Amino acid sequence: LAPWIPVVGLEIHAQISSNSKLFSGSQVQFAAPPNSLVSFFDASLPGTLPVLNRRCVEAAVMTGLALNCSINKKSLFDRKHYFYADLPAGYQITQQRVPIAVNGRLSYGLCTGNKMSQMVTKTVRIKQIQLEQDSGKSLHDDTRSQTLVDLNRAGVGLMEVVMEPDMCCGEEAAAAVRELQLILQTLGSSQAVMAEGQLRVDANVSVHHPGEPYGVRTEVKNINSIRFLAKAVDYEIQRQIEELENGGTILNETRAFDSKLGCTVPMRDKEGKQDYRFMPEPNLPPLILYDAKSLPANTNHQQVINIDWIHERLPDLPSVKREKLVEQYGILPEHSFTLLNEDGLAEFFESVVKQTQMKPKKVIGWILNDLLSYLKQHSLAVKESPVSSSLLADLLNLLEKKEISSTAAKRVLAELWKGEGKTPLEIVKEQKLELLQDQKELEQICQAVIDGQENEVIMMVLG
Amino acid sequence: AALKQGLRSQVSAALKEGRVTPTELCQRCLALIRSTKFLNAYITVAEETALKQAEESEERYKRGQPLGILDGIPIAVKDNFNTTGIETTCASNMLKGYISPYNATVVQKLLDRGAVLLGKTNLDEFAMGSGSTDGVFGPVRNPWSYSKQYKEKCVPESHSENEESNWVITGGSSGGSAAAVSSFTCFAALGSDTGGSTRNPAAHCGVVGLKPTYGLISRHGLIPLVNSMDVPGILTRCVDDAAVLLGSLAGHDPKDSTTIQDDFKPFELPNLTDVSKLSIGIPKEYHAPGLSSEILTLWSKAADLFRNAGAKVVEVSLPHTRYSIVCYHVLCTAEVASNMARFDGLEYGHRSDMKDSTESMYAATRREGFNDVVRGRILSGNYFLLKQNYEKYFVKAQKVRRLIANDFVKVFRSGVDILLTPTTLSDAALYTEFIQEDNRTRSAQDDVLTQAANMAGLPAINVPTALSERGLPVGLQFIGRSFQEKQLLTVAKWFEKQVQFPVIQLEEVKRHDSGVFQHQKSASFS
């Protein structure tokens with residue numbers, strides 16, 4: 001059987017973290033009462049006009065720069081038409097002809113090898129980033145034959161990030177999305193929490209034999225977590241392979257991921273293909289961005305965006321942060337990945353390192369093995385940890401000064417988890433876990449043990 | 001009586017001096033509206049709020065603190081502008097009963113200056129049409145149909161028959177606004193102009209109709225027909241008044257991203273006496289098929305007028321004029337299809353009782369809410385926007401639009417200051433004749449002289465010039481350079497002074513007149 005090459009591309013919609021919407025002044029807020037954050041424009045009241053939100057443009061520029069894109073100094077807005085209950089105007093304002101950023105790349109890390117201890121760096125090309133409006137939400141109430149429409153989300157700014165089909169499996173897709181998520185959160189351009197719908201991923205999947213052209217692709221939607229993304233992609237790859245090997249064909253269709261069944265199912269078919277009748281948005285002039293060179297003299301700083309100014313103020317991206325951690329603390333690259341992967345963990349680690357004499361290379365073990373596994377077991381975030389960085393540092397100091405053994409330290413830690421407010425020293429004293437350094441005392445204890453076990457000792461001596 | 005200051009300024013002076021109060025003025029206008037109801041110029045008369053505004057204005061005058069020239073002045077607004085708390089229908093079933101929750105920027109500006117909003121005027125449904133005959137509230141009748149001047153010229157028949165079948169249209173689509181100003185029920189009115197919708201009815205109703213440069217006046221709150229061509233239009237009885245309105249309305253609006261950022265300085269129109277430095281262009285393509293010989297003669301006489309006064313008058317060419325109607329048709333219908341997509345019955349406006357599915361509800365709502373004209377344009381527009389047609393039609397039309405605009409650029413660059421053209425092909429048609437042809441045909445015919453200015457975004461103005469043989473108004477159009485309204489209006493004012501267009505002689509107005517609506521003795525032009 002000839003080998004199959006799976007090809008995976010992604011379309012990611014990230015909700016922009018901003019106070020107000022992309023083209024109107026209504027507030028952006030998760031889980032507000034239905035239809036409480038809807039301006040006249042959002043409701044498509046006749047005569048209202050879009051006004052571009054500066055913060056949203058800055059977010060897109062930041063993201064474009066972080067993903068190594070070319071920022072288009074002139075980009076355009078278009079209308080994409082279709083009728084749906086959650087789209088009040090009957091069209092979405094998007095950037096179809098000329099988006100704000102193009103031709104970037106994202107590097108992400110994969111753990112490979114037996115024991116998953118080797119890091120490999122992969123790259124995926126970013127085709128483009130475009131600004132567009134989010135739609136509202138509609139809920140179908142079949143029992144009452146009605147559709148409930150909530151427009152709170154209608155008009156919220158989105159960045160659509162299109163990743164070229166450079167990935168080959170669920171794991172790569174998941175890792176790429178995870179890295180994008182970290183970047184967005186670091187920039188602050190999106191909070192990118194998938195559970196709150198701030199990051200939505202659609203996967204484009206196809207398979208083909210080496211040397212042959214790409215196969216027909218399907219689009220997979222309704223993926224609600226990174227874990228499900230990997231599952232959905234892998235399932236779809238498998239499904240396509242099986243279908244083709246059984247002599248079937250792949251339809252160019254949209255499928256939904258069913259997380260309960262762990263499979264993809266065809267979505268309700270819309271008769272024929274949609275023609276979105278794209279048209280330039282006549283109410284928005286072209287979006288012009290400047291850099292230090294092209295910025296005209298005497299411009300009102302309020303009215304223009306300077307790409308270079310934004311570039312200078314970009315924070316350290318995750319990849320840079322990881323390198324710094326490895327360099328500064330001598331930890332392994334895979335450790336740096338884990339540190340950044342958990343919200344607040346890197347800060348916790350650094351805090352502990354500051355407060356203890358123990359070498360960072362040893363501290364990392366306690367962070368990744370003990371602290372992290374405990375948190376995972378109890379589904380706690382780092383910031384919810386009952387053991388603060390100072391407490392852990394105190395404990396590690398005791399260990400470092402050889403006042404306790406590492407076994408004892410683990411027992412103290414177990415006690416500290418209870419969060420009863422005791423210090424490590426107090427626990428050590430309570431449970432008499434001190435390491436005895438005194439020779440005489442040790443002899444006395446040993447003698448006492450032997451004395452208490454006379455019969456066993458005699459048996460041992462007799463052989 | 002001096003035409004120097006304009007009627008509005010005279011009224012303004014009268015208000016200031018207490019010779020008439022805002023409430024008296026308001027009441028007289030409301031009474032006149034009632035007695036000219038047969039014109040069907042108003043869809044909604046906001047009697048209560050208008051009187052309240054008038055009272056507030058009166059208070060300000062008493063305190064000696066009027067807000068300005070417009071304080072207490074009754075105005076009317078075309079029913080496609082949003083007005084808070086007042087029904088805004090666009091003369092369509094789709095928006096019957098729709099109460100706007102906000103004011104269009106232009107409406108707000110007028111109210112902020114103390115203007116008294118009498119009501120919303122009638123139009124073609126969603127501003128689609130050139131007759132003001134295709135709205136759900138019925139056609140608007142041209143006040144000149146009832147003028148002494150027209151009746152005198154009519155073939156004598158039984159009196160009542162005359163009235164019923166002899167009336168002429170106002171032109172459109174801002175016919176209600178034009179009729180309202182023409183019949184003295186208000187001192188100024190807002191219209192809209194996408195292909196000539198302010199200038200056309202202005203010409204037929206014998207009033208000044210100004211289309212400002214695109215981007216000068218905010219469109220926020222104007223329910224759009226073609227976003228890239230629409231402008232709020234100004235209808236007044238004299239050019240000076242148009243300048244005052246323009247001064248109150250123009251300027252950047254942060255709510256409308258297509259308005260220019262530059263500061264706008266309101267101006268007073270100088271009294272031009274010397275036109276020798278002026279260069280007037282006569283575009284030969286505007287000698288369009290169907291242009292009546294009457295108007296041709298008038299146009300020629302006007303050119304002579306300028307020439308004899310020392311101006312340079314040259315023939316120019318705008319070679320792409322003949323493509324503008326087709327180009328307009330493609331671009332207009334495409335934008336209409338897009339702009340009308342929001343009318344689905346879900347959030348506001350008419351909603352059908354059809355409940356089988358969301359889609360069937362949409363379809364039924366739109367079929368019930370829109371008239372044939374609107375539906376026709378939506379279908380055409382969607383056709384042109386289909387992927388397989390987009391390049392062939394929409395993009396092609398955009399390119400032709402650029403050529404049309406460039407024609408004007410070239411001509412203005414060659415030293416011409418202002419273009420002089422006819423506004424309409426003939427005087428106002430009888431309603432019974434007008435409706436013999438469908439809306440699309442009529443629009444295509446009637447827009448020919450006005451619509452290129454919308455393509456190019458240029459300012460243009462209709463100045464009432466003379467009465468036709470039928471005793472009906474005929475106007476001529478001046479087209480100016482972008483954002484050069486001051487020059488345009490200055491020339492228009494000079495021309496207005498030369499032609500001394502006669503005042504309409506309406507029975508109803510005579511009855512209500514008590515000196516405020518002054519009659520001028522003016523030599524007729526023709």
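Select residues 347–462 of chain A, where UniProt places the feature "domain: Asn/Gln amidotransferase" in an unreviewed entry. The model you are looking at is predicted. This span is 69% helix and 0% strand. Its end C-alpha atoms lie 59 Å apart.

**Inside that span**

Pick A:Lys422 and A:Glu415. Their side chains meet in a salt bridge, 4.0 Å from N to O. A:Lys422 is partly exposed, because its relative accessibility is 22%. A:Glu415 has a relative accessible area of 14% and counts as buried.

Move to A:Lys432, in the loop between α11 (424–430) and α12 of chain A. Is A:Lys432 buried or exposed? It is exposed, with 69% relative accessibility. A:Lys432 and A:Pro282 are 150 residues apart in sequence. From C-alpha to C-alpha, they are 78 Å apart in space.

Next, colour A:Leu436, A:Leu442, A:Ile445 and A:Val449. They form a nonpolar patch on the surface. Together they have about 300 Å² of accessible area. A:Leu442 sits in helix α12, residues 439–452 of chain A. At 33% relative accessibility, A:Leu442 is partly exposed.

Over all chains, the structure holds 39 salt bridges. Select A:Arg97 and A:Asp78 to see one of them, with the closest N and O atoms 2.4 Å apart. A:Arg97 is in the loop between β5 (91–94) and β6 (101–112) of chain A. A:Asp78 belongs to strand β4, residues 78–81 of chain A. The partners are 19 residues apart and link distant parts of the chain. A:Arg97 is partly exposed at 37% relative accessible area, whereas A:Asp78 is buried at 1% relative accessibility.

Then select A:Glu179 and A:Arg322. Here the closest N and O atoms of the salt bridge are 2.6 Å apart. A:Glu179 is in helix α2 (residues 170–187) and A:Arg322 in helix α5 (residues 318–329) of chain A, so the pair ties together parts 143 residues apart in sequence. A:Glu179 is buried, at 4% relative accessibility. A:Arg322 is buried too, at 6%.

**Over to chain B**

The UniProt annotation "domain: Amidase", from an unreviewed entry, covers them. Residues 34–147 are 23% helix and 13% strand, with end C-alpha atoms 17 Å apart. Residues 169–489 are 42% helix and 14% strand, and the end C-alpha atoms are 27 Å apart.

Zoom in on helix α7, residues 175–182 of chain B. How many of its eight residues are buried? Eight of the eight are, so the helix is largely enclosed by the rest of the structure. The cover includes strands β1 (42–45), β2 (74–78) and β3 (116–121) of chain B, as well as α8 (199–205). Just after α7(B), B:Phe184 takes a positive phi of about 65°.

**The nonpolar cores**

Show B:Phe126, B:Ile280, B:Phe306, B:Phe408 and B:Phe478. These have the most contacts inside the largest nonpolar core, which has 115 residues. Helix α14 (residues 387–413) of chain B gives the largest share of this core, nine residues. Apart from it lies another core, of 70 residues, among them A:Tyr108, A:Val161, A:Leu180 and A:Ile305.

Finish at B:Phe126. Beyond its neighbours within four places in sequence, its contacts include B:Cys90, B:Met94, B:Ile223, B:Met340 and B:Phe370.

Note on methods:
Residues are numbered from 1 along each chain as its sequence is written. Chains are lettered from A and ligands numbered from 1 in the order in which they are written. This is a predicted model: local features need pLDDT of at least 70, side-chain atom pairs count only at pLDDT 80 or more; totals for chains, interfaces and linings use all residues. Side-chain values use heavy atoms; hydrogens and water are left out. Patches are made of residues with over 30% relative accessible area and no salt bridge: like charges are joined within 9 Å, nonpolar side chains (Val, Leu, Ile, Met, Phe, Trp, Tyr) within 5 Å. Accessible areas come from the Shrake-Rupley method with a 1.4 Å probe; for residues, only the protein chains shown count as cover. Helices (H or I, at least four residues) and strands (E, at least two) are DSSP runs, numbered from the N terminus. Buried means under 20% relative accessible area, exposed over 50%, partly exposed in between (1.4 Å probe, protein chains only). UniProt positions are given in the numbering used here, feature names are shortened, and annotations may be inferred rather than shown by experiment. A nonpolar core is a set of buried Ala, Val, Leu, Ile, Met, Phe, Trp, Tyr and Cys residues joined through side-chain atoms within 4.5 Å. Contact means heavy atoms within 4.5 Å.
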